[in-house]
Amino acid sequence: MTATDQSAGDAPRAAQDNHDNLLIFRLEGEAFAVSVKGVHEILDLQSPTVVPNAPACSPGLINVRGVVVPVFDIRHRLGMVSGTEHASSRMIVFENVIDGETGRLAFTADSVEEVHETDLSSLEPIPELGAIWPQACLNGAIRLKDELVVLLNTDALFAPDSVDDVAATRGA
Amino acid sequence: MPKTVLTIDDSKAVRDMVAFTLEPQGFAVIGAENGAAGLDALRARRPDMVITDLNMPVMNGLDFIANARSDPAGMGIPIVMLTTESAPDMKQKGKAAGATGWMDKPFDADRLIAVTRKLMG
Amino acid sequence: MMEQAVAAFVQEARDLLTGLEDQILELEGGSTPGQIDEVFRILHTVKGSGGMFGYTDLAKFTHCFENAFELVRSGTLAVGPDLIELSLEARDLMVEFLDIGSDGPDSAALLASDRSAKLMARIEEITGGSGNALAPGAAEGAGGPAAGPAPMTRFEITFRPHKDALRNGMRPELLVRELEDLGETDIGFDLSQTPALSALEPGDACLGWHVDVMSDCGRSAIDDVFIFADEAALTISEEVLEPAAETGGSDLADAGSPAAGAKPAAPSQSPAAGRASESIRVASSRMDAMMDSLGELVIAQARLDAVSDSIGDTNLASVVEEVQRLVTGLRDATLSIRLLPIETVFSKFRRVVRDLSKELGKDVQLVAEGGDTEVDKTVIDRIGDPLAHLVRNAIDHGLETGEQRSAAGKNPRGTVRMSARQEGSEVLISVEDNGRGLDRDAIRAKAIEKGLLDEATDLSESEYYNLIFQPGFSTAAQLSSVSGRGVGMDAVRSMIDALGGSVDVVSRPGLGSRITLRLPVTMAIIEGLRVRLGESIYVIPLSTVEECVEMSAADMESRSGRMVLQIRDQMVPYLALDEIFGQPHSGQETRRVVIVRINGNEIGLVVDDIIGQGQTVIKSLSPYHRDIPGLGGATILGDGRVALILDVATLVRLALKRGGPTLSKAA
């Protein structure tokens, strides 16, 4: 998977006509998408090292070829129940800016579907159904083969927990 | 074998600049940070040309030139002194000590290459 | 390529200007010719190199100060307080020029600013304006080819080098070749001065040349050929054969004067990368890349160890051991490259102390010791702020006023002593003053008022002093403009914690205080003790480990909320890590206690097992995990798993709060 190469090659065009390549993946049957520009690589599941007293959004760490990468729990952030592993489950290593620092994180998807080129101007507002997820984490939806794919706002999605949130999870 | 240029300057920046300018032109560049170290390098490495600053600690450029010219390793090779503000008396003192030519600071890469080529062919 | 030279210049200029500050400060106590020479040389180099590396505005500004010290050097001008004051201010401005970067609108604006103008005007007052007109960018005697096509001219040249010319490196044949490059030539020798063979002195130049050149290069190009041959006997005559095309009456070709072909020196265009990269002798990015590779090598080595262990082949094991030895050697060598003398930090404080003592009206001398103690570059980069805070505190709060000191029978001049020394794998840096000392009663009252301590509790002397590092202890009311800035001693402690170090205070009423920072010598790779807790592996920095003891469940003693453990004849507070980290008890019958020590405080950390020890490459934690108490970083184990590294300093504080003489705000 050379997602980054692909995005690099397409970047100039995307800038011109507002097209972007989206990586589409599934959680609990729902289709979600993130911009492929941030996707560093896609891995088979790894069991993370548990970080004690960690905020619920990032319970552990994995080793991605010599780099220690925090695992981010998207389900928790989106208010989903914690799911089970599937044979198709993958970890998506994503590069973004957290607290002003560029860093990588990894999150689990039940399956990774495809990379799809999309005209971002065709983005639709999230319909009523989407309201079950925190609005701040969503950029909108696109219609793909009769299905709505929710485009995630990765900046908000991957923001560290608020202080209260962290304190609440810190039992000791 | 590439011709070797010895650059003597207490400023590493200047030595770097000489090296970065002349190395791509096919010269080997060695450095020394004052006249005394320059004499050692002159005897040990037998450079084909020397570019020396004048105002340096330990041993200044004029003393270096005078010493170099009385040494077999320094006889007959081009020695360029780096001068400032075209101070004519320093040029004369340097020439009297045995300098082949001079270059006024500030100099740029083109000037350095031109002078090097002029003196070494 | 040239960016590197520019970066080297910027770094060098910074170093020079740092040295310049010291040199100027030293002039205050009287000057020797050597010192003046040094100051002159620094200014001369900054000016000269500045012009070459695209910092001409800096060079212009520096020029008048160089000139002033030239006058001092020649004995025309004496060093007075004015000159010292001005030079210090000018030095600061020179640093600003470096900060701004190479020539551009910003540097031009700074050069044209009131501050620059005033400084230059004041220095000219002192020097009497002599020689201050800056020589315009030195004209290039032998610039490029003449500006335009000159008329085709026949030059008749006679040339006889000076007798010493060959010994002095002139090669007349190259000059003739240069002439040949300029146009069609006709060359003849002049043997008239050649002595008889018996009188011939090898090495003397005795040939002469006649050269006719037909060229449209212009007279200045011909002059340039002979630029260095100024002692030679040289005549050049010229005869214009036909007018040059398209010169349109321009007098560009008026080649009579050698200056006609000269052009003003173009300031070498400095690349954008002229900003200071944090480099000492190599750019730190390269150093970091090297450290990264070394880190990976160390991890691969650990993996190799694990594989070799599982195979159990003796031949393999001996090779692995050899590789281990080599890697350790390489690690130590690489880490040592990163070590810098702490002097680079200390030297900055001479100025700080001088300015502060003026500002506060206190007479203070700074003594620095152990400046040659070497510390990791990361520490050097980050230790400045905490130290500055401690020094400010010492002068502002620690030292009394001159009158108070005299009244107390002390030397009215106070002393601040900065010292550094290495102790094992740690470096101890102290800031000490001989002032009034910490007021234990005032600290106690304040701690009670702030709710940091309850009325009934009494603490030991050092525990009281350590209260000053509690968050929220310092208050605005107590802080002057100097040490204020909203940063308390707790900020100092958290900065030191972040470096994996610790802070300690000693104080004697009326005699002064000493604050000691204990820091690891290196930060990137440490020796670590691997311990197991349930299914997890943690790493404890070996430098903090005193010993490991066994502990049965029965040994655990919990007395009135204090968790202490008897080690021989000593009671040691301990933390059960599984409890701190919210992990289920393993239920293991026999457990182990790792006794760690920081600042003379020993505590026990209860774990399930000791796995082993080895080199540990420290990886920093992401923002998600950075603030979790007790965790200092992560590392990758030989089997590829991630393990967490414990932050022992924080754990010790936690244990002392819980198990030691209790503070009211136990965690």
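Which residue takes a positive phi in the hairpin of β10(A) and β11(A)? The legends below take up this question and then turn to other close-up views of the structure, which is a predicted model.

**View 1. The hairpin of β10(A) and β11(A) in chain A.** Strand β10 (residues 138–144) and strand β11 (residues 147–152) of chain A run antiparallel, and they are joined by 6 bridges. Within this pairing, Ala141(A) stands opposite Val150(A), a residue of β11(A). The hairpin has 2 residues between its strands, and the residue with the positive phi, near 45°, is Lys145(A).

View 2. Of the 121 residues in chain B, 55% are buried. When contacts in chain B between residues at least 6 apart in sequence are considered, 59% of them join residues that lie at least 24 apart.

View 3. The buried residues of α1(B) are Ala13(B), Val14(B), Arg15(B), Asp16(B), Met17(B), Val18(B), Ala19(B), Thr21(B) and Leu22(B).

**View 4. The packing of α2(B) and α3(B) in chain B.** Helix α2 (residues 35–45) and helix α3 (residues 61–69) of chain B pack with their axes 9 Å apart and at an angle of about 25°. Because angles under 35 degrees count as roughly parallel, this angle makes α2(B) roughly parallel to α3(B). The crossing in which α2(B) passes α3(B) is right-handed. On the side of α2(B), the residues that meet the partner helix are Gly35(B), Gly38(B), Leu39(B) and Leu42(B), while α3(B) brings Gly61(B), Asp63(B), Phe64(B), Asn67(B) and Ala68(B). Sorted by class, this contact of α2(B) with α3(B) has 4 nonpolar, 4 polar and 1 charged residues.

**View 5. The contact between chain C and chain B.** Chain C gives 32 residues to this contact, and chain B gives 32 residues. On the side of chain C that touches chain B, at least two residues are supplied by each of α1 (2–27), α2 (33–52) and α7 (172–182) of chain C. Of the elements on this side, α2(C) gives the most, with 7 residues. The residues of chain C on this side comprise 15 nonpolar, 9 polar and 8 charged ones.

**View 6. The packing of α2(C) and α3(C) in chain C.** The crossing of α2(C) and α3(C) is left-handed. From α2(C), the residues that make the contact include Ile36(C), Val39(C), Phe40(C), Leu43(C) and Lys47(C), and from α3(C) they include Leu58(C), Ala59(C), Thr62(C), Phe65(C), Glu66(C) and Phe69(C). By class, the contact of α2(C) with α3(C) has 10 nonpolar, 6 polar and 5 charged residues.

**View 7. The contact between chain C and chain A.** This contact takes 20 residues from chain C and 22 residues from chain A. On the side of chain C that touches chain A, α9 (284–311), β21 (631–636) and β22 (642–646) of chain C each supply at least two residues. The largest share of this side of chain C comes from β22(C), which supplies 3 residues. By class, the residues on this side of chain C divide into 11 nonpolar, 6 polar and 3 charged.

**View 8. The open sheet of chain C that includes β22(C) and β21(C).** In chain C, 5 strands form an open sheet with mixed pairing, and their order is β20-β12-β13-β22-β21. The edge strands of this sheet are β20 (609–617) and β21 of chain C, each of which pairs on one side only. From one strand to the next, the twist of the sheet averages 35°. Inside the sheet, strand β13 (residues 536–541) of chain C pairs with β22(C) in the parallel sense, over 2 bridges. In this pairing Val539(C) stands opposite Ile645(C), a residue of β22(C).

Conventions: Residues numbered from 1 in each chain as written. Chains lettered and ligands numbered in written order. Predicted model: local features only at pLDDT ≥ 70, side-chain atom pairs only at ≥ 80, totals over all residues. Buried ≥ 20, exposed ≤ 12 C-beta atoms within 10 Å, placed from the backbone. Contact = placed C-beta atoms within 7 Å. Helix = DSSP H or I, 4+ residues; strand = E, 2+ residues; numbered from the N terminus. Nonpolar A, V, L, I, M, F, W, Y, C, P; charged D, E, K, R; others polar. Axes fitted to C-alpha atoms, helices over the stretch in contact; angles between N-to-C directions. Parallel < 35°, antiparallel > 145°, perpendicular 65-115°, else oblique. Left-handed = near helix turned anticlockwise from the far one by under 90°. Pairing = 2+ DSSP bridges.
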